[in-house]
Amino acid sequence: MALDTPILMKRIPQGNVANRQTVWYDGYVATGGYAALDKAIAMEPSKIIDEMKASELRGRGGAGFPAGMKWSFLPPPDGGHRFLAVNADESEPATFKDQLLINTDPHMMIEGIAICMKACHLDTAYVYIRGEYHHHRVTLEKAVQEAWDNGIFGEKSRMGQINGRTPRLFVQRGAGAYICGEETALLESLEGKRGWPRNKPPFPAVSGAFARPTVINNVETLATVPAIIENGAAWFKTHGVARPEGVPPQVPASYGTKLYGISGPVNNPGVFEDHLGIKLSALIGQHGKGMRAGKQFKAAFHGGISMGVLGTDQYDAVLDFDIGKRCGVLGLGTACVTVIPQDVSMVAMARNCARFYSHESCGQCTPCREGSNWAYKLLSRIEAGEGTTADLDLLSELAGSMGSMPGSTICGLADGTSWAIRTILQKFWNEFEDKVAKPRFVGLALR
Amino acid sequence: MAWITQKSSAPNDLGRRAVPYLAPATKDRFERDFIPRYPTRRGALIQVLHAIQDEVGWLPMQAMEEVAQFIGITPSQVVDTATFYEEFFFKPRGKYTLWVCQSVSCEIMGSTALQGKISEKLGIHHGETTPDGKFTLMHVECIGACGGAPCALCNHKLHENLSSDNVDAILDSLP
Ligand SMILES: Cc1cc2nc3c(=O)[nH]c(=O)nc-3n(C[C@H](O)[C@H](O)[C@H](O)COP(=O)(O)O)c2cc1C
Ligand code: SF4
């Protein structure tokens, strides 16, 4: 089932990137923009949340938590501030989908922000955009200014007062730290501190930014909101994968469309929108226009490196939120695919991942701080042909014992480390064995 | 960034200048543009540091002391926050900072050769600055332009689909 009418890329030409221009306020309104906000303003806030819950929209930032549910966790207003933090940190390797929305159709996300603020009684919103997105930030700041000037935010907001205050939206510039994409690290950074993830509970819904109730959503999640409010949850659920037979309604499904990124040696790399549940092979074949001449598919990181790797025999993997169970990976992640060709060594890929995590670990938890660097050293040695079989065993043990799921770390960065390295080891064990297979004499000792 | 901080505090030039980095007009601007956005003054810290670095090129100790006073926190709190982030520099850097990506998509598409080529051409490695003060080279993790891998930022400008062949022309064209 091909996607006939895009939702997120409604105003963005697919294909040739050179044709893309930013849709500013006037262009956005002329093509039906901010109609969903007007509809939301006329609705009871609780009804907006009900609609979002009914749509079963799951977060597009990586964890896939149902957005409507998240919105409903906030305590009732008590007179103090309530915040929305928009996660535009997008630093997961190989992920470059949010930048497309920010750069070409920023008002869709801004409309989603306004609707979320209305629904959850949030008076102030911050878009936390990663420091390296320079021209994107300039575009976003201009679009935000337009939204203030046109009565979306500010004294003359068409939403009136929210939570007893003037609704406001600001752009927060990050400063180069992957970990600030983790929601509580993002909040710390917003408060002007180092991006150190917090222990949970308390969860941000209760005590988030500046110790006040806070909603945190990804850019793409919020950009999907206007279409749901305008057309209804039932319409939204005609996209994506239907709930499998016999699965109870409280188990979230994979409805809707998704932005997919493709990078690596394909003929047409870029960001594309399609139904959730597209096959990896179809994504590479139809959108990516196939592998480049002379390149053969070996593996793929399907959702950023933190979700783990898909093996050569998983070329037909179905990309939806249930991919974890089916394919032995952590989850769907960001759905931005890096294609790895036959001529690239998986040992080199594992080493690259380990270097990434050792560089980006915030250093609070010993297994993450020491483990990632240790893994990097082991993998550097193995890649240089100096490794031993004992190194491989040690690496497996190391990668298997870190993460917030075994309960040894504060945040999920260590789970990413674990899944990336562990799945590469599992699925490409031969390549590692080949690297360490030759016993050699060093001095008199057999290594 | 993060915990692997090169202890740049040790060789830091604590030289002072008579002219403050935060002139009264600058303070007024921060007071108007950044402070009202947050319920605490410290919330504005990172935006203030960016504004100063955009102007000065790096963050001198004296500037961070002045920021501490302006925000109403201690200088060590400012340093604590600032040193966490990779984008902040605590010593002068080149006119152009090259941020060359080395994460998975870029490595697959040839960033290792690209980095080698740049180092050879400029005679510097990661974290170093050319003697003429023109270039500072940073090897960095994913900069979010993977469709155009290998990619790099030159100051605020993004360059995509780089190769050992076209990087020469780009570097040579910079004034
Ligand atoms: C180490 C780490 C890095 C993350 N980086 C990002 C990121 O760059 N962008 C993002 O949207 N979510 C990121 N997340 C997920 C966020 O913590 C959070 O789940 C998400 O922003 C919630 O939004 P959503 O429910 O709309 O997806 C990261 C999580 C972890 C553990
Ligand atoms: S798991 Fe790693 S990144 Fe997360 S809080 Fe612990 S040390 Fe920091």
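In the predicted model described here, strand E7 (residues 257–263) of chain A pairs with strand E8 (residues 270–275) of chain A in the antiparallel sense over 6 bridges, where two strands count as paired if DSSP finds at least two bridges between them. Helices (H or I, at least four residues) and strands (E, at least two) are DSSP runs, numbered from the N terminus. Residues are numbered from 1 along each chain as its sequence is written, while chains are lettered from A and ligands numbered from 1 in the order in which they are written. Because the model is predicted, local features need pLDDT of at least 70 and side-chain atom pairs count only at pLDDT 80 or more, whereas totals for chains, interfaces and linings use all residues; side-chain values use heavy atoms, with hydrogens and water left out.

Strands of a sheet pair through backbone hydrogen bonds, either parallel or antiparallel.

In a regular strand the side chains alternate between the two faces of the sheet. In E7(A), Thr257(A), Leu259(A), Gly261(A) and Ser263(A) point one way, Lys258(A), Tyr260(A) and Ile262(A) point the other way, and all are buried, the term buried standing for under 20% relative accessible area, exposed for over 50% and partly exposed for values in between (1.4 Å probe, protein chains only). As 7 of the 7 residues of E7(A) are buried, the strand is largely enclosed by the rest of the structure.

Elsewhere in chain A, the axes of helix H3 (residues 45–55) and helix H9 (residues 219–231) come within 10 Å and cross at roughly 100°, the axes being lines fitted to C-alpha atoms, for helices over the stretch in contact, and the angles running from 0 to 180 degrees between N-to-C directions. H3(A) and H9(A) are therefore roughly perpendicular to each other, a class that covers angles of 65 to 115 degrees. Ile48(A), Glu51(A), Met52(A) and Ser55(A) in H3(A) meet Val225(A), Ile228(A) and Ile229(A) in H9(A), contact being defined by heavy atoms within 4.5 Å. The residues of this contact divide into 5 nonpolar, 1 polar and 1 charged, where Ala, Val, Leu, Ile, Met, Phe, Trp, Tyr, Cys and Pro count as nonpolar, Asp, Glu, Lys and Arg as charged, and the others, Gly among them, as polar.

Ala36(A), which lies in helix H2 (residues 35–41) of chain A, is buried, with a relative accessible area of 0%. When neighbours within four places in sequence are left aside, the contacts of Ala36(A) are Glu111(A), Ile115(A), Pro226(A), Ile229(A) and Glu230(A). Ala36(A) and Ile115(A) are separated by 79 residues in sequence and by 8.1 Å in space, C-alpha to C-alpha.

In chain B, 4 strands form an open sheet of mixed pairing in the order E2-E1-E3-E4. E2 and E4 of chain B stand at the edges with a single partner strand each, so one side of each is left without a neighbour in the sheet. Neighbouring strands of this sheet are turned by 20° against each other on average, direction ignored. E3(B) and E4(B) run antiparallel and are joined by 3 bridges, and Cys154(B) has Lys157(B) in E4(B) as its bridge partner. Helix H6 (residues 111–122) of chain B lies across strand E1 (96–101) and E2 of chain B, running at about 155° to E1(B).

Several backbone features fall in loops. The peptide bond from Pro201(A) to Pro202(A) is cis, with omega near 5°, and Pro202(A) lies between helix H8 (183–190) and strand E4 (214–218) of chain A. Asn161(B), a residue other than glycine, has a positive phi near 50° and is partly exposed, with a relative accessible area of 49%.

Methods:
Angles under 35 degrees count as roughly parallel, over 145 as roughly antiparallel, 65 to 115 as roughly perpendicular and the rest as oblique.
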